[in-house]
Amino acid sequence: MFTIARRALKDKKIFLLSFVLGGIGMAWMYAALFPTIGKLSESYSEIIKSFPEAFLKAFGIDEGLFTGFESYVSTEHFGFVWPIMLIFLIASFAGTAVSREIEKGTIEILLALPISRVKIFFGKYLSGIAALCIFVVFSVLAIIPMAEAYNIDYNVSHFLTMSLLGLIFGWAILGLSMFFSAIFSDKSRVYMATGGIMIVMYVIRIVSILSDKFDKLKYFSFFHYYNAPNALAKNSIAPETFIVFISIAVIATALAAFWFSRRDAAV
Amino acid sequence: MPAIEIKNLKKYFGKVKAVDGISLAVEKGEIFGFLGPNGAGKTTTIRCMMDFIRPTEGKIGILGFDARKDSVELKKNIGYLSSDIYLYDKWTGQEHLDFAASLKGKSPRLDSLIKRLDFNPKAKVKTLSTGNKQKLNIILALLGTPDILILDEPTRGLDPLLQNEIYAILQEFQKEGKTIFLSSHNLPEVERICGRVGIIRQGKIVAVERIEDLKNKSMHSGRVSFEGVFAKNDFLKEGFTITGQNHNGFTFTIRGPINPFLNILTKYRVKDFEIAHANLEDIFLTFYKE
(Lines give C-alpha, C1' and ligand atoms only; values in the text may rest on other atoms or scores of the structure.)
Protein backbone atom coordinates (compact mmCIF):
# COMPACT_ATOMS: atom_id res chain seq x y z
CA MET A 1 0.00 0.00 0.00
CA PHE A 2 2.79 2.44 0.94
CA THR A 3 4.70 1.51 -2.23
CA ILE A 4 1.68 2.60 -4.28
CA ALA A 5 1.21 5.76 -2.19
CA ARG A 6 4.88 6.73 -2.56
CA ARG A 7 4.80 6.08 -6.30
CA ALA A 8 1.57 8.07 -6.82
CA LEU A 9 3.01 11.00 -4.87
CA LYS A 10 6.27 10.83 -6.81
CA ASP A 11 4.38 10.85 -10.12
CA LYS A 12 2.66 14.11 -9.17
CA LYS A 13 5.50 15.80 -7.33
CA ILE A 14 5.96 18.59 -9.90
CA PHE A 15 2.22 19.25 -9.96
CA LEU A 16 2.09 19.34 -6.15
CA LEU A 17 5.18 21.52 -5.95
CA SER A 18 3.65 24.04 -8.35
CA PHE A 19 0.54 24.30 -6.14
CA VAL A 20 2.61 24.65 -2.97
CA LEU A 21 4.78 27.35 -4.57
CA GLY A 22 1.64 29.05 -5.88
CA GLY A 23 0.15 29.02 -2.38
CA ILE A 24 3.36 30.38 -0.85
CA GLY A 25 3.58 33.03 -3.59
CA MET A 26 0.04 34.18 -2.86
CA ALA A 27 0.77 34.31 0.88
CA TRP A 28 3.85 36.39 0.16
CA MET A 29 1.87 38.77 -2.03
CA TYR A 30 -0.84 39.34 0.60
CA ALA A 31 1.72 39.78 3.36
CA ALA A 32 3.66 42.27 1.24
CA LEU A 33 0.51 44.27 0.47
CA PHE A 34 -0.85 44.34 4.02
CA PRO A 35 1.33 47.11 5.53
CA THR A 36 0.23 49.53 2.80
CA ILE A 37 -3.39 48.42 2.93
CA GLY A 38 -3.34 48.60 6.75
CA LYS A 39 -2.40 52.30 6.57
CA LEU A 40 -5.42 52.96 4.37
CA SER A 41 -7.78 50.79 6.41
CA GLU A 42 -10.05 53.63 7.46
CA SER A 43 -10.62 54.73 3.86
CA TYR A 44 -11.26 51.14 2.78
CA SER A 45 -13.70 50.64 5.65
CA GLU A 46 -15.65 53.69 4.54
CA ILE A 47 -15.82 52.32 0.99
CA ILE A 48 -16.93 48.93 2.27
CA LYS A 49 -19.70 50.51 4.35
CA SER A 50 -21.18 51.84 1.11
CA PHE A 51 -21.56 48.32 -0.35
CA PRO A 52 -24.92 46.52 -0.06
CA GLU A 53 -25.10 44.38 3.06
CA ALA A 54 -26.05 41.26 1.11
CA PHE A 55 -22.99 41.66 -1.11
CA LEU A 56 -20.72 41.90 1.93
CA LYS A 57 -22.32 38.84 3.51
CA ALA A 58 -22.13 36.85 0.29
CA PHE A 59 -18.38 37.37 0.04
CA GLY A 60 -17.68 37.26 3.78
CA ILE A 61 -16.49 40.85 3.93
CA ASP A 62 -16.87 42.86 7.11
CA GLU A 63 -15.99 46.38 8.01
CA GLY A 64 -13.05 45.31 10.08
CA LEU A 65 -11.51 43.57 7.07
CA PHE A 66 -8.36 45.66 6.96
CA THR A 67 -7.89 46.18 10.66
CA GLY A 68 -6.26 42.83 11.39
CA PHE A 69 -3.96 40.65 9.29
CA GLU A 70 -6.02 37.51 9.95
CA SER A 71 -9.28 39.15 8.84
CA TYR A 72 -7.60 40.47 5.76
CA VAL A 73 -6.11 37.16 4.55
CA SER A 74 -9.25 35.24 5.50
CA THR A 75 -11.26 37.30 3.01
CA GLU A 76 -8.68 38.05 0.36
CA HIS A 77 -6.96 34.69 0.20
CA PHE A 78 -8.62 31.93 2.22
CA GLY A 79 -12.14 32.99 1.35
CA PHE A 80 -11.91 32.31 -2.37
CA VAL A 81 -8.56 31.67 -4.14
CA TRP A 82 -7.06 29.23 -1.65
CA PRO A 83 -10.08 26.85 -1.50
CA ILE A 84 -10.21 26.84 -5.32
CA MET A 85 -6.55 25.82 -5.41
CA LEU A 86 -7.26 23.11 -2.85
CA ILE A 87 -10.24 21.77 -4.81
CA PHE A 88 -8.21 21.65 -8.05
CA LEU A 89 -5.33 19.88 -6.35
CA ILE A 90 -7.47 17.27 -4.63
CA ALA A 91 -9.69 16.59 -7.67
CA SER A 92 -6.58 16.09 -9.78
CA PHE A 93 -5.09 13.58 -7.33
CA ALA A 94 -8.39 11.72 -7.10
CA GLY A 95 -8.93 11.74 -10.87
CA THR A 96 -5.58 10.13 -11.52
CA ALA A 97 -5.95 7.75 -8.58
CA VAL A 98 -8.38 5.22 -10.06
CA SER A 99 -10.35 6.47 -13.06
CA ARG A 100 -7.29 7.54 -15.06
CA GLU A 101 -5.63 4.17 -14.40
CA ILE A 102 -8.75 2.47 -15.77
CA GLU A 103 -9.01 4.91 -18.69
CA LYS A 104 -5.38 4.31 -19.69
CA GLY A 105 -5.46 0.58 -18.91
CA THR A 106 -2.53 0.88 -16.48
CA ILE A 107 -4.79 -0.44 -13.72
CA GLU A 108 -3.92 -3.86 -15.20
CA ILE A 109 -0.31 -3.38 -14.06
CA LEU A 110 -1.50 -2.87 -10.49
CA LEU A 111 -4.19 -5.55 -10.54
CA ALA A 112 -1.77 -8.15 -11.90
CA LEU A 113 0.39 -7.71 -8.79
CA PRO A 114 -0.25 -9.59 -5.54
CA ILE A 115 -1.95 -6.73 -3.74
CA SER A 116 -5.64 -6.40 -2.93
CA ARG A 117 -7.88 -3.81 -4.53
CA VAL A 118 -8.55 -2.25 -1.13
CA LYS A 119 -4.81 -1.73 -0.65
CA ILE A 120 -4.47 -0.29 -4.15
CA PHE A 121 -7.32 2.10 -3.38
CA PHE A 122 -5.95 3.18 -0.02
CA GLY A 123 -2.44 3.48 -1.46
CA LYS A 124 -3.80 6.02 -3.91
CA TYR A 125 -5.94 7.59 -1.18
CA LEU A 126 -2.93 8.01 1.08
CA SER A 127 -1.09 9.88 -1.66
CA GLY A 128 -4.07 12.29 -1.80
CA ILE A 129 -3.98 12.73 1.99
CA ALA A 130 -0.23 13.37 1.85
CA ALA A 131 -0.69 15.94 -0.94
CA LEU A 132 -3.46 17.62 1.07
CA CYS A 133 -1.29 17.84 4.21
CA ILE A 134 1.74 19.14 2.28
CA PHE A 135 -0.30 21.80 0.49
CA VAL A 136 -2.21 22.95 3.60
CA VAL A 137 0.81 23.04 5.90
CA PHE A 138 3.08 24.88 3.45
CA SER A 139 0.53 27.27 1.97
CA VAL A 140 -1.11 28.25 5.27
CA LEU A 141 1.88 28.26 7.58
CA ALA A 142 4.09 30.01 5.00
CA ILE A 143 2.19 33.15 5.95
CA ILE A 144 3.88 33.19 9.36
CA PRO A 145 7.47 33.83 8.14
CA MET A 146 6.06 36.25 5.55
CA ALA A 147 4.28 38.20 8.31
CA GLU A 148 7.52 38.23 10.32
CA ALA A 149 9.40 39.54 7.30
CA TYR A 150 6.98 42.47 6.91
CA ASN A 151 6.66 43.17 10.67
CA ILE A 152 2.97 42.27 10.75
CA ASP A 153 1.30 41.28 14.02
CA TYR A 154 -0.23 37.79 13.84
CA ASN A 155 -1.48 34.93 15.99
CA VAL A 156 0.14 31.56 15.28
CA SER A 157 -2.78 29.69 16.84
CA HIS A 158 -5.21 31.30 14.38
CA PHE A 159 -3.22 29.99 11.43
CA LEU A 160 -3.02 26.54 13.01
CA THR A 161 -6.81 26.60 13.31
CA MET A 162 -7.03 27.64 9.66
CA SER A 163 -4.77 24.69 8.75
CA LEU A 164 -7.08 22.35 10.63
CA LEU A 165 -10.10 23.77 8.83
CA GLY A 166 -8.30 23.39 5.49
CA LEU A 167 -7.42 19.78 6.30
CA ILE A 168 -10.95 18.67 7.16
CA PHE A 169 -12.41 20.64 4.23
CA GLY A 170 -9.84 19.04 1.88
CA TRP A 171 -10.46 15.61 3.36
CA ALA A 172 -14.19 15.87 2.64
CA ILE A 173 -13.44 16.90 -0.97
CA LEU A 174 -10.94 14.06 -1.30
CA GLY A 175 -13.54 11.58 -0.07
CA LEU A 176 -16.10 12.84 -2.58
CA SER A 177 -13.72 12.95 -5.54
CA MET A 178 -12.26 9.52 -4.72
CA PHE A 179 -15.82 8.22 -4.74
CA PHE A 180 -16.28 9.61 -8.26
CA SER A 181 -12.90 8.20 -9.24
CA ALA A 182 -13.97 4.75 -8.03
CA ILE A 183 -17.20 4.95 -10.04
CA PHE A 184 -16.06 6.47 -13.33
CA SER A 185 -13.62 5.11 -15.89
CA ASP A 186 -12.69 8.52 -17.23
CA LYS A 187 -10.84 11.16 -15.24
CA SER A 188 -12.59 14.09 -16.92
CA ARG A 189 -15.86 12.87 -15.42
CA VAL A 190 -14.28 12.97 -11.97
CA TYR A 191 -13.23 16.57 -12.54
CA MET A 192 -16.65 17.47 -13.88
CA ALA A 193 -18.53 15.80 -11.02
CA THR A 194 -16.30 17.24 -8.29
CA GLY A 195 -16.12 20.68 -9.89
CA GLY A 196 -19.84 20.66 -10.63
CA ILE A 197 -20.77 19.82 -7.05
CA MET A 198 -18.46 22.52 -5.70
CA ILE A 199 -19.93 25.14 -8.03
CA VAL A 200 -23.49 24.12 -7.10
CA MET A 201 -22.56 24.31 -3.41
CA TYR A 202 -21.05 27.76 -3.90
CA VAL A 203 -24.18 28.97 -5.68
CA ILE A 204 -26.35 27.46 -2.94
CA ARG A 205 -24.40 29.37 -0.33
CA ILE A 206 -24.74 32.68 -2.21
CA VAL A 207 -28.48 32.11 -2.74
CA SER A 208 -29.01 31.20 0.91
CA ILE A 209 -27.27 34.40 1.98
CA LEU A 210 -29.11 36.63 -0.46
CA SER A 211 -32.57 35.25 0.21
CA ASP A 212 -34.10 34.56 3.61
CA LYS A 213 -36.52 32.20 1.90
CA PHE A 214 -33.64 29.90 0.98
CA ASP A 215 -31.69 30.35 4.18
CA LYS A 216 -31.93 26.69 5.15
CA LEU A 217 -30.23 25.67 1.90
CA LYS A 218 -26.92 26.78 3.39
CA TYR A 219 -26.70 23.49 5.28
CA PHE A 220 -26.21 21.72 1.93
CA SER A 221 -23.14 23.72 1.06
CA PHE A 222 -19.54 22.96 2.10
CA PHE A 223 -18.91 26.70 1.94
CA HIS A 224 -21.26 27.30 4.85
CA TYR A 225 -19.12 25.05 7.03
CA TYR A 226 -15.84 26.23 5.53
CA ASN A 227 -15.76 29.47 7.51
CA ALA A 228 -12.26 30.88 7.03
CA PRO A 229 -13.03 34.30 8.65
CA ASN A 230 -14.19 32.51 11.79
CA ALA A 231 -11.11 30.29 11.88
CA LEU A 232 -8.62 33.07 11.24
CA ALA A 233 -10.16 36.09 12.94
CA LYS A 234 -11.87 34.32 15.87
CA ASN A 235 -9.66 31.23 16.06
CA SER A 236 -12.71 29.00 16.06
CA ILE A 237 -14.25 26.16 14.05
CA ALA A 238 -17.90 25.31 14.68
CA PRO A 239 -18.54 21.75 15.94
CA GLU A 240 -20.94 21.06 13.05
CA THR A 241 -18.07 21.79 10.63
CA PHE A 242 -16.14 18.85 12.09
CA ILE A 243 -19.22 16.64 12.09
CA VAL A 244 -20.18 17.39 8.47
CA PHE A 245 -16.71 17.28 6.89
CA ILE A 246 -15.49 14.23 8.78
CA SER A 247 -18.75 12.32 8.25
CA ILE A 248 -18.72 13.03 4.50
CA ALA A 249 -15.03 12.12 4.23
CA VAL A 250 -15.47 8.80 6.06
CA ILE A 251 -18.71 7.76 4.35
CA ALA A 252 -17.57 8.72 0.84
CA THR A 253 -14.21 6.97 1.35
CA ALA A 254 -15.85 3.79 2.60
CA LEU A 255 -18.29 3.77 -0.32
CA ALA A 256 -15.49 4.41 -2.80
CA ALA A 257 -13.34 1.57 -1.43
CA PHE A 258 -16.34 -0.78 -1.46
CA TRP A 259 -17.29 0.18 -5.02
CA PHE A 260 -13.75 -0.16 -6.37
CA SER A 261 -13.31 -3.56 -4.78
CA ARG A 262 -16.42 -4.85 -6.57
CA ARG A 263 -16.42 -3.15 -9.94
CA ASP A 264 -15.06 -4.32 -13.28
CA ALA A 265 -11.72 -2.57 -13.40
CA ALA A 266 -10.96 -2.83 -17.09
CA VAL A 267 -12.56 -1.22 -20.10
CA MET B 1 -6.00 -31.42 -10.57
CA PRO B 2 -5.84 -29.13 -13.61
CA ALA B 3 -3.67 -26.03 -13.33
CA ILE B 4 -6.54 -23.97 -14.75
CA GLU B 5 -10.18 -24.99 -14.60
CA ILE B 6 -12.94 -22.81 -16.00
CA LYS B 7 -16.51 -23.94 -15.38
CA ASN B 8 -19.48 -22.47 -17.19
CA LEU B 9 -17.97 -18.97 -17.32
CA LYS B 10 -20.37 -16.26 -18.42
CA LYS B 11 -19.68 -12.57 -18.71
CA TYR B 12 -22.41 -10.30 -20.01
CA PHE B 13 -22.09 -6.58 -20.58
CA GLY B 14 -25.74 -5.58 -20.56
CA LYS B 15 -27.28 -7.50 -23.45
CA VAL B 16 -23.91 -8.35 -24.99
CA LYS B 17 -22.84 -11.89 -24.17
CA ALA B 18 -19.06 -11.50 -24.34
CA VAL B 19 -18.47 -14.95 -22.85
CA ASP B 20 -21.36 -17.35 -22.80
CA GLY B 21 -20.81 -20.45 -20.73
CA ILE B 22 -17.32 -21.62 -21.52
CA SER B 23 -15.67 -24.53 -19.73
CA LEU B 24 -12.15 -25.80 -20.18
CA ALA B 25 -9.27 -27.27 -18.24
CA VAL B 26 -5.54 -26.79 -18.72
CA GLU B 27 -3.16 -29.35 -17.28
CA LYS B 28 -0.02 -28.49 -15.35
CA GLY B 29 3.04 -28.12 -17.57
CA GLU B 30 0.97 -27.53 -20.67
CA ILE B 31 1.17 -24.70 -23.22
CA PHE B 32 -2.46 -24.08 -24.05
CA GLY B 33 -3.43 -21.91 -27.00
CA PHE B 34 -6.61 -19.88 -26.82
CA LEU B 35 -7.65 -19.03 -30.35
CA GLY B 36 -10.37 -16.84 -31.68
CA PRO B 37 -11.06 -13.81 -33.83
CA ASN B 38 -11.42 -10.29 -32.49
CA GLY B 39 -14.45 -9.99 -30.23
CA ALA B 40 -14.71 -13.74 -29.69
CA GLY B 41 -14.25 -13.37 -25.92
CA LYS B 42 -10.56 -14.24 -25.44
CA THR B 43 -9.55 -11.09 -23.58
CA THR B 44 -12.76 -11.06 -21.53
CA THR B 45 -12.05 -14.64 -20.43
CA ILE B 46 -8.48 -13.73 -19.50
CA ARG B 47 -9.62 -10.64 -17.60
CA CYS B 48 -12.02 -12.81 -15.62
CA MET B 49 -9.17 -15.23 -14.91
CA MET B 50 -7.11 -12.31 -13.61
CA ASP B 51 -10.05 -10.94 -11.59
CA PHE B 52 -9.92 -7.62 -13.43
CA ILE B 53 -13.59 -8.07 -14.24
CA ARG B 54 -16.13 -10.17 -12.41
CA PRO B 55 -17.97 -13.05 -14.10
CA THR B 56 -21.72 -12.91 -14.44
CA GLU B 57 -21.73 -16.62 -13.65
CA GLY B 58 -19.34 -19.53 -13.38
CA LYS B 59 -16.13 -20.40 -11.59
CA ILE B 60 -12.46 -20.16 -12.36
CA GLY B 61 -9.94 -22.21 -10.44
CA ILE B 62 -6.21 -21.68 -10.88
CA LEU B 63 -3.68 -23.90 -9.08
CA GLY B 64 -6.53 -25.01 -6.83
CA PHE B 65 -7.36 -21.45 -5.78
CA ASP B 66 -10.51 -19.51 -6.58
CA ALA B 67 -9.54 -16.82 -9.10
CA ARG B 68 -11.70 -14.25 -7.34
CA LYS B 69 -11.56 -15.05 -3.64
CA ASP B 70 -7.86 -15.94 -3.61
CA SER B 71 -6.84 -13.38 -6.18
CA VAL B 72 -4.00 -11.83 -4.15
CA GLU B 73 -2.44 -15.18 -3.23
CA LEU B 74 -2.78 -16.38 -6.80
CA LYS B 75 -1.08 -13.40 -8.35
CA LYS B 76 2.13 -14.29 -6.54
CA ASN B 77 2.17 -17.28 -8.90
CA ILE B 78 0.84 -15.74 -12.10
CA GLY B 79 2.75 -13.86 -14.75
CA TYR B 80 0.36 -11.78 -16.84
CA LEU B 81 0.74 -10.03 -20.16
CA SER B 82 -2.07 -7.79 -21.38
CA SER B 83 -3.42 -7.72 -24.92
CA ASP B 84 -2.60 -4.04 -25.32
CA ILE B 85 0.44 -2.20 -24.12
CA TYR B 86 -0.44 -0.56 -20.82
CA LEU B 87 2.56 1.17 -19.33
CA TYR B 88 3.26 4.45 -17.55
CA ASP B 89 4.66 6.80 -20.19
CA LYS B 90 6.70 8.88 -17.78
CA TRP B 91 8.39 5.94 -16.09
CA THR B 92 11.50 4.22 -17.35
CA GLY B 93 11.55 0.49 -17.93
CA GLN B 94 13.67 0.13 -14.79
CA GLU B 95 11.08 2.03 -12.74
CA HIS B 96 8.40 -0.39 -13.94
CA LEU B 97 10.58 -3.34 -13.03
CA ASP B 98 11.52 -1.94 -9.60
CA PHE B 99 7.91 -1.11 -8.80
CA ALA B 100 6.62 -4.56 -9.78
CA ALA B 101 9.56 -6.30 -8.07
CA SER B 102 8.86 -4.42 -4.82
CA LEU B 103 5.43 -6.08 -4.69
CA LYS B 104 6.10 -9.38 -6.43
CA GLY B 105 9.77 -10.10 -5.90
CA LYS B 106 12.66 -9.87 -8.28
CA SER B 107 13.03 -12.56 -10.89
CA PRO B 108 16.21 -14.64 -10.72
CA ARG B 109 16.25 -14.51 -14.51
CA LEU B 110 15.64 -10.76 -14.84
CA ASP B 111 19.14 -9.78 -15.97
CA SER B 112 19.36 -12.59 -18.50
CA LEU B 113 15.89 -11.73 -19.84
CA ILE B 114 16.87 -8.09 -20.35
CA LYS B 115 19.97 -9.26 -22.19
CA ARG B 116 18.20 -11.88 -24.28
CA LEU B 117 15.53 -9.45 -25.37
CA ASP B 118 18.08 -6.70 -25.94
CA PHE B 119 16.03 -4.28 -23.86
CA ASN B 120 17.27 -0.92 -22.56
CA PRO B 121 15.59 -0.40 -19.14
CA LYS B 122 16.94 3.11 -18.69
CA ALA B 123 14.84 4.71 -21.42
CA LYS B 124 11.50 6.33 -20.62
CA VAL B 125 8.55 4.36 -21.90
CA LYS B 126 7.26 7.24 -24.03
CA THR B 127 10.48 7.09 -26.07
CA LEU B 128 10.23 3.33 -26.73
CA SER B 129 9.02 1.72 -29.93
CA THR B 130 5.99 -0.60 -29.82
CA GLY B 131 8.29 -3.61 -30.00
CA ASN B 132 10.39 -2.39 -27.07
CA LYS B 133 7.28 -1.67 -25.03
CA GLN B 134 6.15 -5.21 -25.70
CA LYS B 135 9.56 -6.49 -24.54
CA LEU B 136 9.07 -4.63 -21.26
CA ASN B 137 5.58 -6.11 -20.95
CA ILE B 138 7.02 -9.59 -21.40
CA ILE B 139 9.79 -9.02 -18.84
CA LEU B 140 7.18 -7.72 -16.39
CA ALA B 141 5.07 -10.82 -16.96
CA LEU B 142 8.02 -13.05 -16.16
CA LEU B 143 8.96 -11.19 -12.96
CA GLY B 144 9.00 -13.11 -9.71
CA THR B 145 8.76 -16.88 -9.94
CA PRO B 146 5.38 -17.52 -11.57
CA ASP B 147 4.04 -21.06 -11.93
CA ILE B 148 1.52 -19.97 -14.54
CA LEU B 149 1.83 -17.51 -17.37
CA ILE B 150 -1.34 -15.96 -18.75
CA LEU B 151 -0.38 -14.18 -21.92
CA ASP B 152 -2.74 -12.26 -24.17
CA GLU B 153 -1.09 -12.19 -27.60
CA PRO B 154 2.51 -12.19 -26.39
CA THR B 155 4.30 -11.70 -29.71
CA ARG B 156 2.22 -8.82 -30.99
CA GLY B 157 4.46 -6.09 -32.38
CA LEU B 158 7.64 -8.18 -32.25
CA ASP B 159 9.82 -8.99 -35.25
CA PRO B 160 10.28 -12.67 -36.21
CA LEU B 161 13.67 -12.96 -34.50
CA LEU B 162 12.27 -11.75 -31.21
CA GLN B 163 9.19 -13.91 -31.65
CA ASN B 164 11.54 -16.90 -31.83
CA GLU B 165 13.27 -15.75 -28.65
CA ILE B 166 9.91 -15.53 -26.89
CA TYR B 167 8.96 -19.01 -28.06
CA ALA B 168 12.27 -20.31 -26.70
CA ILE B 169 11.69 -18.59 -23.34
CA LEU B 170 8.18 -20.03 -23.11
CA GLN B 171 9.40 -23.51 -23.97
CA GLU B 172 12.05 -23.22 -21.23
CA PHE B 173 9.28 -22.31 -18.81
CA GLN B 174 7.34 -25.34 -19.86
CA LYS B 175 10.38 -27.58 -19.34
CA GLU B 176 10.44 -26.35 -15.73
CA GLY B 177 6.94 -27.79 -15.35
CA LYS B 178 5.19 -24.45 -15.56
CA THR B 179 1.88 -23.87 -17.29
CA ILE B 180 1.26 -21.35 -20.04
CA PHE B 181 -2.12 -20.11 -21.22
CA LEU B 182 -1.77 -17.90 -24.25
CA SER B 183 -4.25 -16.30 -26.53
CA SER B 184 -3.36 -15.65 -30.12
CA HIS B 185 -4.54 -14.86 -33.60
CA ASN B 186 -1.31 -16.25 -34.93
CA LEU B 187 -1.94 -19.83 -36.04
CA PRO B 188 1.64 -20.74 -36.94
CA GLU B 189 2.62 -19.54 -33.46
CA VAL B 190 0.02 -21.75 -31.81
CA GLU B 191 0.88 -24.66 -34.09
CA ARG B 192 4.54 -24.28 -33.18
CA ILE B 193 4.47 -24.04 -29.38
CA CYS B 194 1.11 -25.17 -28.06
CA GLY B 195 0.20 -28.70 -27.09
CA ARG B 196 -3.53 -28.10 -27.07
CA VAL B 197 -5.80 -25.42 -28.29
CA GLY B 198 -9.21 -24.08 -27.32
CA ILE B 199 -11.15 -22.31 -30.02
CA ILE B 200 -13.60 -19.64 -28.95
CA ARG B 201 -16.22 -18.14 -31.22
CA GLN B 202 -18.92 -15.66 -30.24
CA GLY B 203 -18.28 -16.28 -26.57
CA LYS B 204 -18.54 -20.06 -26.77
CA ILE B 205 -15.88 -22.77 -26.94
CA VAL B 206 -16.28 -24.58 -30.24
CA ALA B 207 -13.44 -27.04 -29.79
CA VAL B 208 -10.67 -28.02 -27.43
CA GLU B 209 -8.21 -30.29 -29.17
CA ARG B 210 -4.61 -31.36 -29.26
CA ILE B 211 -2.77 -29.54 -32.01
CA GLU B 212 -1.83 -32.88 -33.58
CA ASP B 213 -5.46 -34.01 -33.59
CA LEU B 214 -6.51 -30.74 -35.12
CA LYS B 215 -3.91 -31.07 -37.85
CA ASN B 216 -4.85 -34.69 -38.39
CA LYS B 217 -8.49 -33.83 -38.89
CA SER B 218 -9.47 -35.30 -42.18
CA MET B 219 -9.63 -32.10 -44.10
CA HIS B 220 -8.25 -31.38 -47.56
CA SER B 221 -8.17 -28.36 -49.75
CA GLY B 222 -7.42 -28.05 -53.44
CA ARG B 223 -8.45 -26.84 -56.85
CA VAL B 224 -9.76 -28.40 -60.03
CA SER B 225 -10.20 -27.15 -63.59
CA PHE B 226 -12.25 -28.83 -66.31
CA GLU B 227 -11.95 -29.15 -70.09
CA GLY B 228 -15.63 -28.56 -70.61
CA VAL B 229 -18.61 -27.27 -68.75
CA PHE B 230 -19.27 -28.51 -65.23
CA ALA B 231 -22.29 -28.50 -62.96
CA LYS B 232 -21.41 -26.85 -59.68
CA ASN B 233 -24.43 -28.41 -58.01
CA ASP B 234 -22.89 -31.87 -58.44
CA PHE B 235 -20.26 -30.85 -55.91
CA LEU B 236 -22.54 -29.26 -53.33
CA LYS B 237 -22.70 -32.30 -51.10
CA GLU B 238 -22.24 -32.60 -47.36
CA GLY B 239 -18.59 -32.13 -46.43
CA PHE B 240 -17.69 -30.35 -49.67
CA THR B 241 -17.27 -26.59 -49.73
CA ILE B 242 -16.54 -24.55 -52.85
CA THR B 243 -14.36 -21.72 -51.62
CA GLY B 244 -13.80 -19.94 -54.95
CA GLN B 245 -14.78 -20.27 -58.60
CA ASN B 246 -13.67 -19.21 -62.07
CA HIS B 247 -14.98 -19.98 -65.57
CA ASN B 248 -13.41 -23.43 -65.86
CA GLY B 249 -13.09 -24.67 -62.30
CA PHE B 250 -13.11 -23.97 -58.59
CA THR B 251 -11.20 -24.26 -55.33
CA PHE B 252 -12.62 -26.43 -52.60
CA THR B 253 -12.26 -27.95 -49.14
CA ILE B 254 -13.36 -31.45 -48.22
CA ARG B 255 -14.16 -32.57 -44.70
CA GLY B 256 -14.05 -36.33 -44.21
CA PRO B 257 -13.14 -38.93 -46.85
CA ILE B 258 -12.16 -37.71 -50.31
CA ASN B 259 -13.49 -40.70 -52.28
CA PRO B 260 -17.04 -39.34 -52.79
CA PHE B 261 -15.52 -36.20 -54.30
CA LEU B 262 -13.23 -38.22 -56.61
CA ASN B 263 -16.20 -40.34 -57.70
CA ILE B 264 -18.04 -37.21 -58.87
CA LEU B 265 -14.90 -35.94 -60.53
CA THR B 266 -14.63 -39.07 -62.70
CA LYS B 267 -17.79 -37.99 -64.55
CA TYR B 268 -15.92 -35.01 -66.00
CA ARG B 269 -12.88 -34.44 -68.23
CA VAL B 270 -10.46 -32.92 -65.76
CA LYS B 271 -7.81 -30.58 -67.09
CA ASP B 272 -5.91 -30.04 -63.88
CA PHE B 273 -6.31 -31.19 -60.30
CA GLU B 274 -4.48 -30.43 -57.09
CA ILE B 275 -5.27 -31.60 -53.52
CA ALA B 276 -3.42 -31.40 -50.18
CA HIS B 277 -4.01 -31.77 -46.44
CA ALA B 278 -5.52 -28.57 -45.19
CA ASN B 279 -3.29 -26.43 -42.99
CA LEU B 280 -4.33 -25.35 -39.53
CA GLU B 281 -5.57 -22.03 -40.84
CA ASP B 282 -8.04 -23.71 -43.19
CA ILE B 283 -9.21 -25.98 -40.39
CA PHE B 284 -9.54 -22.95 -38.13
CA LEU B 285 -11.52 -21.01 -40.71
CA THR B 286 -13.84 -23.95 -41.15
CA PHE B 287 -14.75 -23.72 -37.48
CA TYR B 288 -15.61 -20.06 -37.82
CA LYS B 289 -17.79 -20.54 -40.82
CA GLU B 290 -20.04 -22.85 -38.88
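These questions and answers cover helix packing, chain contacts and domains in a predicted model.

Residues are numbered from 1 along each chain as its sequence is written, and chains are lettered from A, ligands numbered from 1, in the order in which they are written. Local features need pLDDT of at least 70 and side-chain atom pairs count only at pLDDT 80 or more, while totals for chains, interfaces and linings use all residues.

Reader: How many helices and strands are there in chain A?
Author: Helices (H or I, at least four residues) and strands (E, at least two) are DSSP runs, numbered from the N terminus. For chain A the count is 15 helices and 0 strands.

Reader: What is the radius of gyration of chain A, and why does it agree with a compact globule?
Author: The radius is taken over C-alpha atoms, and the globule rule is 2.2 Å times the number of residues to the power 0.38. The C-alpha trace of chain A spans about 65 × 45 × 30 Å along its principal axes. With 267 residues, a compact globule would have a radius near 18 Å, so chain A agrees at 20 Å.

Reader: Is helix 9 of chain A roughly parallel or roughly antiparallel to helix 11 of chain A?
Author: Helix 9 (residues 117-141) and helix 11 (residues 156-183) of chain A pack at about 150 degrees, axes 9 Å apart. Axes are lines fitted to C-alpha atoms, for helices over the stretch in contact, and angles run from 0 to 180 degrees between N-to-C directions. Angles under 35 degrees count as roughly parallel, over 145 as roughly antiparallel, 65 to 115 as roughly perpendicular and the rest as oblique. Therefore helix 9 of chain A is, to helix 11 of chain A, roughly antiparallel.

Reader: How do the residues of the contact of helix 9 with helix 11 of chain A divide?
Author: Contact means C-beta atoms, placed from the backbone, within 7 Å. Helix 9 of chain A gives residues including Y125(A), L132(A) and V136(A), and helix 11 of chain A gives F159(A), W171(A) and L174(A), among others. Ala, Val, Leu, Ile, Met, Phe, Trp, Tyr, Cys and Pro count as nonpolar, Asp, Glu, Lys and Arg as charged, and the others, Gly among them, as polar. The division is 14 nonpolar, 4 polar and no charged.

Reader: At what angle do helix 6 and helix 11 of chain A pack?
Author: Residues of helix 6 of chain A, among them P83(A) and L86(A), meet residues of helix 11 of chain A, including G166(A) and F169(A). By class, this contact has 11 nonpolar, 5 polar and no charged residues. The axes are 9 Å apart and the angle is about 35 degrees.

Reader: Which elements give two or more residues to the side of chain A that touches chain B?
Author: 17 residues of chain A are in contact with 20 residues of chain B. The chain A side has 8 nonpolar, 4 polar and 5 charged residues. The elements are helix 1 (2-11) and helix 8 (107-111) of chain A.

Reader: What distance separates the centres of domain 1 and domain 2 of chain B?
Author: Chain B is divided into domain 1 (4-215) and domain 2 (219-289). Domain bounds come from an automatic or database domain assignment. Taken over C-alpha atoms, the centres are separated by 39 Å.

Technical notes:
Contact = placed C-beta atoms within 7 Å.
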